[in-house]
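Here's a quick briefing to read with the model open in your viewer.

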Amino acid sequence: MKTIKFLSILITFLLASCSPVRVNSDYDKKTDFSVYKTYAFHKTGIDKVEISDFDKKRILRSIDEEMTTKGFTKSETPDLLININTKAEKNINVSQFNANYGYGWGLGWSPPYWGANYSVNTNTEGTLIIDLIDAKKKELIWQGEGVGYLTKNTDKKDENIKSFVNSILAQYPPIRK
């Protein structure tokens with residue numbers, strides 16, 4: 001019975017961890033999103049983001065691609081200003097696994113456990129926040145946030161960042177229920 005319970009918890013954890021980016025968004029419920037057709041980057045806000053210039057370029061390029069796919073046009077006089085923000089948090093995970101070697105249950109004494117294994121893993125979890133601001137009113141109208149694991153492998157960074165951006169912007173424009 002314990003094995004079945006352990007396996008169901010493990011499978012649930014593995015399925016949850018398969019999703020590369022966890023996403024949520026929020027928006028102004030009174031906004032008519034159909035009026036927005038053009039965009040530009042909010043340079044002063046983006047300049048303040050403390051990430052490498054290479055990663056910043058990757059993010060902006062991915063946003064450009066996704067906005068173009070959605071039918072938006074980059075403009076000097078935009079309807080929307082796009083701002084980004086990032087944060088990163090290092091996680092340390094310690095796991096213990098008992099192999100349950102040793103004696104079975106006996107006359108009122110606890111079994112000794114041999115073969116306990118420990119595993120220590122570190123990873124960095126990053127958050128990318130994309131703000132869409134009404135350029136005329138200078139008001140935030142939509143915000144999307146993606147959280148997932150970051151990689152230091154430069155060959156995989158483009159794909160990882162593109163996944164973040166695409167997952168976040170998939171929720172724009174919001175679908176009214």
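Tyr-39 and Phe-41 are both buried. Keep in mind as you look at them that this is a predicted model. Their rings make an edge-to-face aromatic pair, with 6.0 Å from centre to centre and 80 degrees between the planes.

**Aromatic rings**

- A pair of aromatic rings is described by the distance of the centres and the angle of the planes.
- The count of aromatic pairs comes to six.
- Phe-72 and Tyr-172 make a tilted pair, because their planes sit at 45 degrees, with the ring centres 6.0 Å apart; the range for tilted runs between the under-30 cut-off for stacked and the over-60 cut-off for edge-to-face.
- That pair ties together distant parts of the chain, 100 residues apart: Phe-72 lies in the loop between helix H3 (53-69) and strand E3 (73-74), while Tyr-172 lies in the segment after helix H4 (154-169).
- Phe-72 has 10% relative accessibility, so it counts as buried, and Tyr-172 counts as buried too because its value is 1%; the cut-off for buried is under 20%.
- Both of those residues belong to one aromatic cluster made up of Tyr-27, Phe-33, Tyr-36, Phe-72, Trp-142 and Tyr-172.
- Tyr-27 also has a charge over its ring: the charged end of Lys-29 sits there, 4.3 Å from the ring centre.

**Thr-38**

- You'll find Thr-38 in strand E2, which covers residues 38-41.
- Thr-38 counts as buried because its relative accessibility is 16%.
- Its side chain reaches the backbone nitrogen of Asp-79 at 2.8 Å.
- Leaving out residues up to four places away in sequence, Thr-38 touches Phe-72, Thr-73, Ser-75, Thr-77, Pro-78, Asp-79 and Leu-80.

**The nonpolar core**

- In soluble globular proteins, nonpolar side chains tend to be buried together.
- Here, the largest nonpolar core holds 27 residues, and the ones with the most contacts inside it are Ile-63, Leu-80, Ile-84, Ile-130 and Trp-142.
- At least two core residues come from each of strand E1 (21-27), E2, H3, strand E4 (80-97), strand E5 (117-134), strand E6 (139-149) and H4.
- H4 gives the largest share of this core, five residues.
- Which residues does Ile-84 contact, leaving aside its neighbours within four places in sequence? They are Ile-46, Val-49, Ile-59, Leu-60, Ile-63, Leu-128, Ile-129 and Ile-130.

- Most residues other than glycine have a negative phi, and most peptide bonds are trans.
- The peptide bond from Tyr-172 to Pro-173 is cis, with omega near -10 degrees.
- Pro-173 sits in the segment after H4.
- Lys-138 has a positive phi, near 60 degrees, and it isn't a glycine.
- Lys-138 sits in the loop between E5 and E6, and it counts as exposed because its relative accessibility is 61%, with the cut-off for exposed being over 50%.

**Confidence**

- Mean pLDDT for the chain is 83, with 77% of the residues at 70 or more.
- What does the model show for residues 1-17? There, pLDDT stays under 50, and the model has zero contacts beyond four places in sequence.

Terms used:
Residues numbered from 1 in each chain as written. Heavy atoms only, no water. Phe/Tyr/Trp six-rings, centres within 6.5 Å; stacked < 30°, edge-to-face > 60°. Buried < 20%, exposed > 50% of the residue type's maximum accessible area, 1.4 Å probe, protein only. Helix = DSSP H or I, 4+ residues; strand = E, 2+ residues; numbered from the N terminus. Lys NZ or Arg CZ within 6 Å of the ring centre and 35° of its normal. Polar contact = N/O pair within 3.5 Å; in protein donor to acceptor, adjacent residues only side chain to side chain. Contact = heavy atoms within 4.5 Å. pLDDT = per-residue confidence, 0-100. Core = buried A, V, L, I, M, F, W, Y, C linked by side-chain atoms within 4.5 Å.
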